[in-house]
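I opened this model to look up its strands, one of its pockets and the confidence behind them. My entries follow in the order in which I made them.

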Amino acid sequence: MSFQGDVAGIGLGELLQGLVRGGRDGVLTLDGDDLHSFMGLAQGQVYFLAGPDEDTGIWRSRSQRAWAEAEDPNLEGERRSRIAHASRLETLYQMLGADNLHFRFEPGPLPTNNPTSLVRDEGMEGFEAKATAAPHIG
């Protein structure tokens, strides 16, 4: 059964800790003024997810611009993954101080239709992120 509410009464850090420590698996959606984040929780791990309307081509474009002189098709996926992870993490940091932040948690398995959109954040407990290659879940 899903549940939702305002983060202001709980605090984003406490919400994430409670979900992870409570062993809940599912998708957490955070919405604020011009800020949106989608996270998956599975077996105590936190994953940044692509949003339903996210244009994943933006990561390819940013990767091509960032490594314009060092193109390497073997590293393209990892580079895009790192850029997406950094962008999603920055959004999460902005949400820590945001007003009017709303959450919705939908329990269940993580979406597997686009496993490259999943980027595990290994340092979620202290909000210290480490960009990693996208794992395959499923």
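The entries below go from the basis of the model to the chain, then to single elements and residues.

**Basis.** I am working from a predicted model, in which local features need pLDDT of at least 70 and side-chain atom pairs count only at pLDDT 80 or more, while totals for chains, interfaces and linings use all residues. Residues are numbered from 1 along each chain as its sequence is written, and side-chain values use heavy atoms, with hydrogens and water left out.

**Confidence.** I looked up pLDDT, the predictor's confidence in each residue from 0 to 100, and found a chain mean of 76, with 78% of the residues at 70 or more. Confidence is highest in E5, at 94, and lowest in strand E6 (residues 119–121), at a mean of 47. Over residues 114–138 pLDDT stays under 50, although the model has 61 contacts beyond four places in sequence for them; a contact here means heavy atoms within 4.5 Å. I note that where pLDDT is low, the predicted coordinates should not be read in detail.

**Chain.** I took helices (H or I, at least four residues) and strands (E, at least two) as DSSP runs, numbered from the N terminus. The chain has three helices and six strands, in the order β-α-β-β-β-α-α-β-β along the sequence. Of its 138 residues, 38% count as buried, where buried means under 20% relative accessible area, exposed over 50%, and partly exposed in between (1.4 Å probe, protein chains only).

**Strand E2.** I next looked at E2 (residues 26–32), which is largely enclosed by the rest of the structure because six of its seven residues are buried. Strands pair if DSSP finds at least two bridges between them; E2 runs antiparallel to E3 (residues 35–42), with seven bridges, and antiparallel to E5 (residues 102–107), with six bridges. In the hairpin of E2 and E3, two residues lie between the strands, and Asp34 takes a positive phi near 65°.

**Thr29 and Leu30.** Which residue of E3 is the bridge partner of Thr29? I found Phe38 in that place, while Leu30 stands opposite Phe103 in E5. Thr29 counts as buried, at 19% relative accessibility, and touches Ser37, Phe38, His102, Phe103 and Arg104, not counting residues up to four places away in sequence.

**Arg80.** In helix H3 (residues 76–96) I looked up Arg80, which is partly exposed, with a relative accessible area of 25%. Arg80 and Arg60 are 20 residues apart in sequence, yet 5.9 Å apart in space, C-alpha to C-alpha. Not counting residues up to four places away in sequence, Arg80 touches Trp59, Arg60 and Ser63.

**Second largest pocket.** I used a 1 Å grid over the protein atoms alone, on which a pocket is an open set of points where a 1.4 Å probe fits, with protein on both sides within 12 Å along at least five of seven lines, and lining residues have an atom within 4 Å of a point. The second largest pocket holds about 220 Å³ of space. It is lined by 13 residues, of which His36, Ser37, Glu54, Arg88 and Thr91 are the closest to its centre. E3 and H3 are the elements that give two or more residues to this lining, and the largest share, four residues, comes from E3.

Definitions and conventions: Grid points are joined across faces, edges and corners, and a volume is the space filled by probe spheres set on the points.
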